[in-house]
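Here are my notes for you, written to be read with the model open beside them. Take the points in order and click on each residue as you go.

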Amino acid sequence: MASPPLPLPPLNPTSTASSAKPEPPYKTPSSFSKIPSWVSLNPSSSSPSSSSSSSSSLQSNQNRTGIVENLHLLSLSKQGRFREARQFVSFMDSSSIPVKTHFYESLFDSCGSWKSLQDGRFFHRHLLKRLGGRNPDGPLGDCLLKMYLDCSGLDEARKLFDEMPHRSLATWDIMISNLFASGHFTEAFVVFCEMRLEGFWPDSGIIASLLRACVDGLHIELGRQLHAYIIRSGLSHDDYMKAELVNMYVKCGFLDSSIRLFDHMEERSAATRTTLMVGYTRAGRVTDALALFRRLLSEGVELDQFVFSIALKVCCELKDDEIGRQIHGCIVKLGFDSDSSAGTPIVDFYVKFGMIDDAQKAFCRISDPNEVSWNAIMSGYSQCGRYEECIKMFEYLRNKETALGSSAYTILFQLASNLADSNSGYQLHADAVKRGLLSQLHGLSALVTMYSRLGNLIYAHRAFELIAEPDTVAWTAIIMGYAYHGKAFKALELFNRMISLGFEPNTISFIGILTACSHSGMVLEAREYLNSMNKVYGIKPTVDHYNCMIDVYCRAGHLKEAYEFIKSGSFEPDAMSWKILLGGCTTHQNVEIGEIAGENLLKMELKDAAAHVLLFNLYATVGKWAEAALVRKKMNERGIRKEVSSSWITVKGRVHRFTVGDKHHPIADKIYSKLDELDSAIKFSQSINCFNERMEQLLDHSERLATAFGLISVPFNCPILVFKNLRICKDCHSFVKLVSKVERREIILRDTSRFHHFKGGNCSCNDFW
């Protein structure tokens with residue numbers, strides 16, 4: 001059913017993108033910097049025209065008032081040139097030119113803006129000398145207090161505050177608001193109580209500051225006390241206070257209280273409605289959020305960019321791209337699409353729906369993309385596999401050195417892991433460290449994933465240890481890394497350690513644990529973890545978790561249990577459920593269950609190449625060549641092509657890629673000669689006397705070519721790291737195991753399923769591959 005059209009809002013000439021541009025995040029140099037340096041800043045110096053009577057008169061007047069000197073000092077501080085400002089203050093002192101009192105206010109404001117505590121202390125000491133050691137009060141004292149708070153000098157701010165002889169309501173407001181903003185909630189509430197004991201009645205500004213500090217459910221009791229105070233103070237009828245209360249209850253997760261307050265408001269601003277939409281979205285009531293947005297449009301409320309951002313997120317939750325396109329049209333009609341605050345959510349919307357071309361068009365409409373805008377389109381390119389465009393965009397930003405932040409590197413770390421490009425991964429890590437753009441939490445978590453996916457588990461663990469306070473995502477990343485490498489016991493140890501430290505696992509955490517059990521044949525443990533999801537942690541398993549359990553059964557050879565598990569009705573199996581079962585039947589040569597799995601899989605995905613290949617291999621492994629030929633015939637009739645197998649290895653920064661039967665490599669002769677040598681050595685060591693045509697064909701497989709090249713090119717003391725775009729076949733798996741024994745080399749091979757560490761004739765998967 002098509003979604004009903006949205007009522008379009010009326011055009012408002014005053015609400016254009018150009019009139020709502022955000023404040024720039026940088027400091028604009030003061031116009032005072034244009035004052036010529038020769039204008040009477042040094043009494044001993046003279047300008048080219050200082051000999052004239054008019055110049056002498058000007059210099060005499062300036063020396064008497066000191067206005068130009070004070071303006072120059074202010075100019076230096078506004079530009080953040082505090083070292084020069086301090087030197088100039090020394091010059092003014094030596095010349096008996098005082099710093100004007102009201103200029104101190106501007107100096108403290110500049111120090112606070114630039115977070116320069118050291119320079120703020122310098123100007124404070126300078127002021128104390130002028131005041132005879134007495135701290136200022138009034139507006140100047142408030143400026144000094146705010147400077148210390150802005151610069152995180154909390155101890156000095158508290159000392160100054162306690163020593164103030166006269167504290168106005170504005171002074172209390174500065175102290176309480178800044179303490180809350182910096183996260184010192186208990187201290188702020190203590191100061192609030194002190195204010196009440198001294199007979200001050202907080203105004204709506206102070207109350208609003210306190211309410212904004214209640215950011216989650218841990219602060220709900222404080223929020224309720226403030227709500228009660230507002231009622232007692234007679235401020236409960238003020239729509240401004242109601243709006244702040246609505247915001248507080250939404251942030252603390254008490255949506256019903258927000259709705260009751262909203263319904264009793266006489267004037268409902270767009271900002272308050274947007275806040276309620278956010279509350280609906282967080283509570284999972286996305287249909288109610290969209291209904292509220294429709295009311296906004298039908299009532300003709302003046303809209304801002306942020307409300308459209310929330311509406312587009314709602315469409316993503318509802319998976320309704322048609323409504324999203326209509327909202328996009330509203331944004332275009334209002335002229336907001338060129339503004340990054342509205343244009344970026346449009347890009348993100350199309351990215352989430354996989355419409356990368358539409359996302360690109362929306363991005364090009366943004367007149368001045370910010371860092372978030374660039375990250376949104378780069379993430380889109382990466383997610384849809386258009387890696388080259390993503391890399392080109394990153395290189396453009398890197399050369400331009402604008403809008404490039406730590407998030408861009410996080411995206412590129414993920415891209416490097418998807419490409420299995422270790423060389424690029426190492427370079428990106430080094431570049432991020434060099435530029436100081438390695439995010440402590442998200443960046444390092446992405447590095448954990450990148451290094452584990454690139455086969456370097458040691459570096460992955462080091463990256464994890466660098467995270468000062470790892471969250472659930474970081475813990476999950478390292479657990480997944482060990483699981484992917486077949487180190488199940490280490491993965492389980494980390495999972496238990498995460499739980500013991502008080503972190504709640506998420507759905508991905510259990511994917512990692514079940515994967516670890518799957519790759520190590522731990523059937524009983526996997527069942528226990530799957531059952532504990534809902535019973536212990538309140539997490540409802542998804543089809544992905546059930547598919548992991550099917551994989552556990554299949555890798556362990558329990559095909560009947562896997563089939564019964566699918567038929568149990570515990571979940572609705574998808575195509576992947578049957579594909580995993582078919583893969584297990586192919587590995588363990590169970591034609592009966594395999595045919596059932598294949599039939600159900602093809603009902604869901606008739607043109608899936610992997611399904612046909614698995615079914616073909618199932619028949620081929622048991623010698624049913626007629627059935628295998630029939631599968632191949634159907635593939636041809638349906639125009640289905642098998643994905644070409646390829647493997648690659650990086651040597652000295654250069655990627656060498658091989659396909660089946662590849663003879664285009666410059667040293668192809670040496671590679672095939674090495675394969676013949678390996679074959680002879682393996683047959684001798686295993687006392688194999690037969691060598692049929694099938695074994696000869698297997699020598700051409702891409703992973704064998706890459707392995708042979710690695711044996712020739714990689715130093716003996718270094719492991720050989722090979723990547724493959726498909727799952728390694730059983731024969732090649734056995735071959736590489738024997739090569740690692742004969743050549744006494746460590747060989748690491750990553751396929752689409754996991755990492756295989758071959759050493760001494762054994763594999764880390766213990767044949768649960």
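A quick word on naming before the points: helices here are DSSP runs of H or I with at least four residues, numbered from the N terminus. Keep in mind as well that this is a predicted model.

1. Start with S152. It lies in the loop that runs between α6 (138-150) and α7 (154-163). Its phi is positive, at about 65 degrees, although S152 is not a glycine. Is S152 buried or exposed? Exposed is over 50% relative accessible area, so S152, at 59% relative accessibility, counts as exposed.

2. Now hop to A420, another loop residue, sitting between α22 (406-419) and α23 (422-435). A420 has a positive phi too, near 55 degrees, and is a residue other than glycine. Buried or exposed, then? Buried means under 20%, and A420 has a relative accessible area of 3%, so it is buried.

3. N70 is worth a click. You'll find N70 in helix α2, which covers residues 67-78. Its relative accessible area is 0%, so it counts as buried. What does the polar side chain of N70 have beside it? A polar atom of that side chain lies 2.8 Å from the backbone nitrogen of K100. Setting aside neighbours within four places in sequence, N70 is in contact with M92, P98, V99, K100 and F103.

4. In the model, residues 168-202 are 74% helix and 0% strand, with the end C-alpha atoms 11 Å apart. Residues 471-505 come out at 74% helix and 0% strand, and there the end C-alpha atoms lie 10 Å apart.

5. In soluble globular proteins, nonpolar side chains tend to be buried together. Here the largest nonpolar core has 194 residues, and F293, F308 and L581 are those with the most contacts inside it. Which helix gives the most to this core? That is α16 (residues 305-318), with 8 residues. Beyond four places in sequence, F308 is in contact with F293, L303, I327, C330, I331, L334 and F336. There is also a second, separate core of 26 residues, which includes L711, I720, F735 and F758.

6. Aromatic rings deserve a look of their own, as the structure holds 30 aromatic pairs. Take F394 and Y409: their ring centres are 5.2 Å apart and their planes sit at 85 degrees, so this pair is edge-to-face. The pair links distant parts of the chain, with F394 in helix α21 (residues 387-400) and Y409 in helix α22, 15 residues apart. F394 and Y409 are both buried.

7. Last, a ring cluster and two charges over rings. Ring pairs join Y484, W648, F723 and F755 into a cluster. The W648 ring also has the charged end of R657 over it, 4.5 Å from the ring's centre. Elsewhere, R86 lies over the face of F122, at 4.7 Å from the ring centre.

Notes
Residues numbered from 1 in each chain as written. Predicted model: local features only at pLDDT ≥ 70, side-chain atom pairs only at ≥ 80, totals over all residues. Heavy atoms only, no water. Helix = DSSP H or I, 4+ residues; strand = E, 2+ residues; numbered from the N terminus. Buried < 20%, exposed > 50% of the residue type's maximum accessible area, 1.4 Å probe, protein only. Polar contact = N/O pair within 3.5 Å; in protein donor to acceptor, adjacent residues only side chain to side chain. Contact = heavy atoms within 4.5 Å. Core = buried A, V, L, I, M, F, W, Y, C linked by side-chain atoms within 4.5 Å. Phe/Tyr/Trp six-rings, centres within 6.5 Å; stacked < 30°, edge-to-face > 60°. Lys NZ or Arg CZ within 6 Å of the ring centre and 35° of its normal.
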